[in-house]
Structure formats: structure tokens, C-alpha cells
Amino acid sequence: MAYTLLTAGDDLGERVFTPRDVAILNYLTLTRPGLLAAFRDALQMMIDVASTCYRGDPAMMERKVRAVKRAYGAVGIWL
């Protein structure tokens, strides 16, 4: 998943996340799941984390959340 997020592009094909962004998002997401969490749960947690991290800039938040959904969708994980 980290590679898919790192290489995620926006509508113009530009990278959305820096390596630091991916590290932070993954760390914060992986500290949340319970014992019975599924990949779908991880997607929702990642969306929640991205929404929180980028809430100060709604346009950026939307871009980052959309990229998270695309990255997870690319490996067959949807909400």
C-alpha cells in the first residue's frame, strides 16, 4: 500500500504525496485498527487520517482523500 500511495497521481498525473506524507499517513493509520480490522477498515481509517491532517485546506484535503481512494481501489479495496 505504501508504494501505491507514494506513486498516486492526481487528475493531471502529478504525484500527490511526498515520502514523508506517506510515512505519516501509514503510521497514524496503522496505530488505529483493532484486532479484527479488515483492509476496508484500513481504507476508512486512512481517509479519516488524511481528512484530519489536511483539514486546514479543503481543496488539498479533497485531493489527498481522492488519491487515497484511488490508491486503495487500484489494489481492489473499496468502501
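## Salt bridges

A salt bridge here is a side-chain nitrogen of Lys or Arg within 4 Å of a carboxyl oxygen of Asp or Glu. In this predicted model, local features need pLDDT of at least 70 and side-chain atom pairs count only at pLDDT 80 or more, while totals for chains, interfaces and linings use all residues. Residues are numbered from 1 along each chain as its sequence is written, and side-chain values use heavy atoms, with hydrogens and water left out.

The structure holds four salt bridges. One of them joins the side chains of R66 and E62, at 3.3 Å from N to O. Both residues lie in helix 4, four residues apart, about one turn of the helix. Helices are DSSP runs of H or I with at least four residues, and strands are E runs of at least two, numbered from the N terminus. R66 is partly exposed at 33% relative accessibility. E62 is also partly exposed, at 41%.

## Bridges across the chain

R70 and D11 form another salt bridge through their side chains, at 2.4 Å from N to O. R70 belongs to helix 4 and D11 to the loop between helix 1 and helix 2, so this pair ties together parts 59 residues apart in sequence. R70 is partly exposed, with 38% relative accessibility. D11 is exposed, at 58%.

The side chains of D21 and K64 also meet in a salt bridge, at 3.4 Å from N to O. This pair links distant parts of the chain: D21 sits in helix 2 and K64 in helix 4, 43 residues apart. D21 is buried, with a relative accessible area of 16%. K64 is buried too, at 5%.

## Helix 4

Helix 4 covers residues 58–74. The expected span of a helix is 1.5 Å times one less than its number of residues. For the 17 residues of helix 4 that gives 24 Å, and the end C-alpha atoms are 24 Å apart, which agrees. After helix 4 comes G76, whose phi is positive, near 90°.

The buried residues of helix 4 are K64, V65, A67, V68, A71, Y72 and G73. They pack against helix 1 (2–6), helix 2 (19–30) and helix 3 (39–53). Contact means heavy atoms within 4.5 Å.

## The nonpolar core

A nonpolar core is a set of buried Ala, Val, Leu, Ile, Met, Phe, Trp, Tyr and Cys residues joined through side-chain atoms within 4.5 Å. The largest one has 19 residues, and L5, F17, L25, V68 and Y72 touch the most other members. Helix 2, helix 3 and helix 4 are the elements that give two or more residues to this core. Helix 3 gives the most, with six residues. In soluble globular proteins, nonpolar side chains tend to be buried together.

L25 has contacts beyond its neighbours within four places in sequence: F17, M46, V49, A50, C53 and Y54. N26 is in helix 2. N26 is buried, with a relative accessible area of 15%. Residues up to four places away in sequence aside, N26 touches A2, L5 and M46.

C53 lies in helix 3. At 37% relative accessibility, C53 is partly exposed. Not counting residues up to four places away in sequence, C53 touches L25 and L28. C53 and D21 are 32 residues apart in sequence, and their C-alpha atoms are 9.7 Å apart in space.

L28 is found in helix 2. L28 is partly exposed, at 31% relative accessible area. Together with I24 and Y27, L28 makes a nonpolar surface patch of about 280 Å². Patches are made of residues with over 30% relative accessible area and no salt bridge; like charges are joined within 9 Å, and nonpolar side chains (Val, Leu, Ile, Met, Phe, Trp, Tyr) within 5 Å. Accessible areas come from the Shrake-Rupley method with a 1.4 Å probe; for residues, only the protein chains shown count as cover.

## The loop between helix 2 and helix 3

L36 is found in the loop between helix 2 and helix 3. L36 is exposed, with a relative accessible area of 82%. L36 and G9 are 27 residues apart in sequence and 31 Å apart in space, C-alpha to C-alpha.

How values were computed:
Buried < 20%, exposed > 50% of the residue type's maximum accessible area, 1.4 Å probe, protein only.
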